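Good morning, and thank you for coming. Please look at the model on the screen while I go through it part by part.

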Amino acid sequence: MRQEAILPPAMLGMLGGGQLGRFFVIAAHEMGYKVTVLDPDKNSPAGKIADVHLCAAYDDAAALAQLAQTCAAVTTEFENVPAATLEQLAAHCTVHPSASAVAIAQHRVAEKTFFRDSGLPVGTFVVVENESDLPADDHAIYPAILKVARFGYDGKGQARVKTQAEAKQAFAQFKHETCVLEQMLPLDYEVSVVLARDAKGNVAPFPVAENSHLNGILDISIAPARASEVIKAKAQSLAIQIAEKLGYVGVLGVEFFVSEGKLLVNEMAPRPHNSGHYTIDACVTNQFEQQVRALTGLPLGDSHLHSHAVMVNILGDVWKGQEPAWHLALAHPNLKMHLYGKHEARPGRKMGHFTVLATDTDSALNQARIARAELGIG
Ligand SMILES: Nc1ncnc2c1ncn2[C@@H]1O[C@H](COP(=O)(O)OP(=O)(O)O)[C@@H](O)[C@H]1O
Ligand SMILES: [Mg+2]
């Protein structure tokens, strides 16, 4: 039997109303779909531009019933959506990615264990349920990073520890929540792969991005990554293996460390990824259109890169009581500005990003550096 795609003007559902949801709404609208966004924040960036904004909690029975009745398919923009919500919706309409894939990605213990048990290269880690799980000082894992298993993002819920005593202190600060203790790796650099996989098993990886972080938050992504072809091919193939092992349908972001020349899987996100924002301006199809395509059963788009790109995040820090000097950044003809329409600028909050396009990475980087300075970033 031929599987019919969900076609415009069908209503699609989005769990979460942040910037990732907003870009999904934009992509879906461009293609002729309507979108209902579920987010408890009345000012959510995606909710503000959606056809319907259900301003309710992610487990609100009436809101979930309305999504199930009015949407042909539902997806998510954040990993902390309750697995029960996805399961409940899946009984009534198409839901991608699956509750089981999201459940793994939202829990660091499940995620790390899944990577290791799948034979993927990961750094040394120890699961910490109780204080007694924290290794003694002579263990090779130190210096290490203690990370809470749930709800950590942008470096939040992480503590760098050199000894068991410091680890105990950090574990207490995290209220003895389940954690993962990871060996602190000497990083050469970091890369990521965003891919889309459809229900038939077709996979379209985007080019590998090279990422640098500032205070635990993504600062810059460079595409294509300045890594060897061997590293780039391996990163894409590992990301594809992960998607296949999960039976994943949708857009998946996988972060990697390159440590002493070796590629190690760090973590994954069951959704488009900040390091894939360059695809909006530099690829034939962007990660959000791919999310719509994978969700609705359309053929995946061409993920090929048509320009060298440097993406820079704009955090709330640059407001300092007034709007940044937008006129300076907007004067660059090859700079694409994206502001998320967030209600309030706070330090560390992702407010927008820009992408500089060029025919080579060095000139994109140079122009990005100038625009950063003009906006007071970093
Ligand atoms: N084991 C590690 N060794 C070295 N650096 C790390 C390690 N874990 C995290 N980091 C640094 O911290 C950043 C954020 O950590 P990550 O585990 O990706 O959490 P988040 O969910 O906040 O993105 C990483 O991108 C990397 O720069
Ligand atoms: Mg990360």
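**A covered strand and its neighbours**

I begin with strand β7, where both faces are covered: A144, L146 and V148 on one side, and I145 and K147 on the other, are all buried. Buried here means under 20% relative accessible area, exposed means over 50%, and partly exposed lies in between, with a 1.4 Å probe and protein chains only. Helices (H or I, at least four residues) and strands (E, at least two) are DSSP runs, numbered from the N terminus.

Before I continue, two remarks on the source. This is a predicted model, in which local features need pLDDT of at least 70 and side-chain atom pairs count only at pLDDT 80 or more, while totals for chains, interfaces and linings use all residues. Residues are numbered from 1 along each chain as its sequence is written, chains are lettered from A and ligands numbered from 1 in the order in which they are written, and side-chain values use heavy atoms, with hydrogens and water left out.

Which strands pair with β7? Two strands pair if DSSP finds at least two bridges between them. β7 pairs with strand β8 (residues 158–161) in the antiparallel sense over four bridges, and I145 stands opposite R160 in β8. Strand β9 (residues 179–183) also runs antiparallel to β7, joined to it by five bridges; there, Q183 is the bridge partner of A144.

In the loop between β6 (125–128) and β7 (144–148) we find D138. D138 is exposed, with a relative accessible area of 73%. From D138 to Q164 the separation is 26 residues in sequence and 9.2 Å in space, C-alpha to C-alpha.

Let us turn to an open sheet of five strands, with parallel pairing and the order β3-β2-β1-β4-β5. β3 (52–54) and β5 (94–95) stand at its edges with a single partner strand each, so one side of each is left without a neighbour in the sheet. Within this sheet, β1 (residues 11–15) and β4 (residues 73–76) pair in the parallel sense over four bridges, with M14 opposite T75 in β4.

Helix α2 (residues 61–70) packs on the sheet and touches β1, β2 (34–38) and β3, where contact means heavy atoms within 4.5 Å. The direction of α2 makes about 165 degrees with that of β2. Axes are lines fitted to C-alpha atoms, for helices over the stretch in contact, and angles run from 0 to 180 degrees between N-to-C directions.

α2 also packs against helix α3 (residues 83–90), at an angle of about 40 degrees and with the axes 10 Å apart. That makes α2 oblique to α3: angles under 35 degrees count as roughly parallel, over 145 as roughly antiparallel, 65 to 115 as roughly perpendicular and the rest as oblique. In this contact, L64, L67 and A68 in α2 meet T85, Q88 and L89 in α3.

Finally, strand β16 (residues 308–315) is mostly covered, as seven of its eight residues are buried. Eight bridges join β16 to strand β18 (residues 350–358), and the two run antiparallel. Here A309 stands opposite L357 in β18.
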